[in-house]
Amino acid sequence: MAGFIGLVVLVGVAGFLSAVRCNPGCKGTDGHPGEAGSPGRDGLSGMKGEKGAPAVSVDGPGDQPVLLRLKGDRGSPGVVGPMGPKGFRGHVGASGLPGEPGPLGQHGRNIGAGQSVSQQEAQFSSFSVIRNDSTYPPFKKISFQSVVVNNPGDFNMTGGTFVCRIPGVYYFTFHSVAKVSMCLSLVADSADDKLTFCDYNSNRIYEHMLSGGAVLKLAANNKVWLESFQDEQSASDKQDIREKYIIFNGFLLFSNPE
Ligand SMILES: *[C@@H]1O[C@H](CO)[C@@H](O)[C@H](O)[C@H]1NC(C)=O
Ligand SMILES: *[C@@H]1O[C@H](CO)[C@@H](O)[C@H](O)[C@H]1NC(C)=O
């Protein structure tokens, strides 16, 4: 708009100058040409042109290199294909670093046997003990006065009891000699029933012998002993003080395999 006003002013000035007339005889020197003006600013961008029509191939796909140069837009990704076959097994890797040490174990159990006891001694057990008391044996556990064998010492003479040290199978046997009736039982604290044996001596003149025995399976600390018991003995039997002998024997047949 300012440029337009400037143009009007210039036209006005040109009109005023043309009104000053020069006489035919007057002459002057030419004026100098004015300085060239600075170039004007760039014009505005032109309008975008119309999109051209797509190329149409009339006969077939046409020249391959030409088609390759006419690269289209990227398509959308396709669907996922089926899973491929399993690959080959890889090589075994290098050994790993050693692990941390484990926790401390529990304390061991003392099984008693020391270095001084040989294997043969540890698996050996036998005894043979004698009661030579001439009084009639009381109706309770029998005690013994003399030892024939007690090796290594599993028969407790004080208590009159065999105490099992080696778990296993044992044979026990006893014999008694008396001129009166005698009843004895082999007792094991591991067994429910007592093994009872009786001999009835009616003539009371000749010596009678009573025997009994059994094979017993024992665990450690099981106890075995002999008892006298009341059956059909008379009162005079129990007052008899003539010679009497009872021998009690036992030994390990074999220890438990475990
Ligand atoms: C029984 O045996 C012991 C030991 O051998 C002996 O000291 C004792 O005199 C005996 N008793 C009888 C009544 O024979
Ligand atoms: C033998 O038996 C007695 C009486 O039961 C007991 O006091 C003693 O400790 C036993 N001895 C041994 C070596 O076991």
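This is a predicted model: local features need pLDDT of at least 70, side-chain atom pairs count only at pLDDT 80 or more; totals for chains, interfaces and linings use all residues.
Two other loop residues have backbone angles of note. R204, in the loop between β7 (195-199) and β8, has a positive phi of about 60° although R204 is not a glycine. At 26% relative accessibility, R204 counts as partly exposed. N221, in the loop between β8 and β9, likewise is not a glycine and has a positive phi, of about 75°. N221 is exposed, its relative accessible area being 53%.

The protein has four helices and ten strands. Along the sequence these elements follow the pattern α-α-α-β-β-β-β-β-β-β-β-β-α-β. Of its 258 residues, 23% count as buried. When contacts between residues at least 6 apart in sequence are considered, 74% of them join residues at least 24 apart.

Five strands form an open sheet with the order β2-β1-β10-β5-β8 and antiparallel pairing. The edges are taken by β2 and β8 (208-218), each of which has a single partner strand, so one side of each is left without a neighbour in the sheet. From one strand to the next the twist averages 10°. Within this sheet, β1 and β10 pair in the antiparallel sense over six bridges; the bridge partner of R131 in β10 is I246.

A further set of pairings involves strand β9 (residues 223-228). Five of the six residues of β9 are buried, so the strand is largely enclosed by the rest of the structure. Strand β6 (residues 182-188) pairs with β9 in the antiparallel sense over five bridges, and V187 has W225 as its bridge partner in β9. Strand β4 (residues 161-163) also pairs with β9 in the antiparallel sense, over two bridges. Here the bridge partner of V163 in β9 is K223. W225 takes part in a contact of another kind as well: K141 lies over the face of W225, at 4.6 Å from the ring centre.

The largest nonpolar core contains 27 residues, of which F162, F172, V224 and F248 touch the most other members. Two or more residues are given to this core by each of the elements β1, β5 (168-178), β6, β8, β9 and β10. Leaving aside neighbours within four places in sequence, F172 is in contact with F127, F162, L186, G212, G213, A214, L216, L218, V224, F248, N249 and G250.

F174 lies in strand β5. With a relative accessibility of 0%, F174 counts as buried. Residues up to four places away in sequence not counted, F174 touches L184, F197, L210, S211, G212, G213, L226, I247 and F248. The C-alpha atoms of F174 and I130 are separated by 9.7 Å, the two residues being 44 residues apart along the chain.

Aromatic rings were examined next. A pair of aromatic rings is described by the distance of the centres and the angle of the planes. The structure holds 14 aromatic pairs. One of them joins F144 and F248, which are stacked at 5.9 Å centre to centre with 25° between the planes. F144 lies in the loop between β1 (126-131) and β2 (146-151), whereas F248 is in strand β10 (residues 245-255), so the pair ties together parts that are 104 residues apart in sequence. Both F144 and F248 are buried. The rings of Y170 and F172 have their centres 6.1 Å apart and their planes at 20°; this pair is therefore stacked, the cut-off for stacking being an angle under 30 degrees. Y170 and F172 are both buried.

Technical notes. Residues are numbered from 1 along each chain as its sequence is written. Chains are lettered from A and ligands numbered from 1 in the order in which they are written. Side-chain values use heavy atoms; hydrogens and water are left out. Rings of Phe, Tyr and Trp (its six-membered ring) pair if their centres lie within 6.5 Å; planes under 30 degrees apart count as stacked, over 60 as edge-to-face and the rest as tilted. Buried means under 20% relative accessible area, exposed over 50%, partly exposed in between (1.4 Å probe, protein chains only). A charge sits over a ring if NZ of Lys or CZ of Arg is within 6 Å of the ring centre and within 35 degrees of the ring normal. Two strands pair if DSSP finds at least two bridges between them. Axes are lines fitted to C-alpha atoms, for helices over the stretch in contact, and angles run from 0 to 180 degrees between N-to-C directions. A nonpolar core is a set of buried Ala, Val, Leu, Ile, Met, Phe, Trp, Tyr and Cys residues joined through side-chain atoms within 4.5 Å. Contact means heavy atoms within 4.5 Å.
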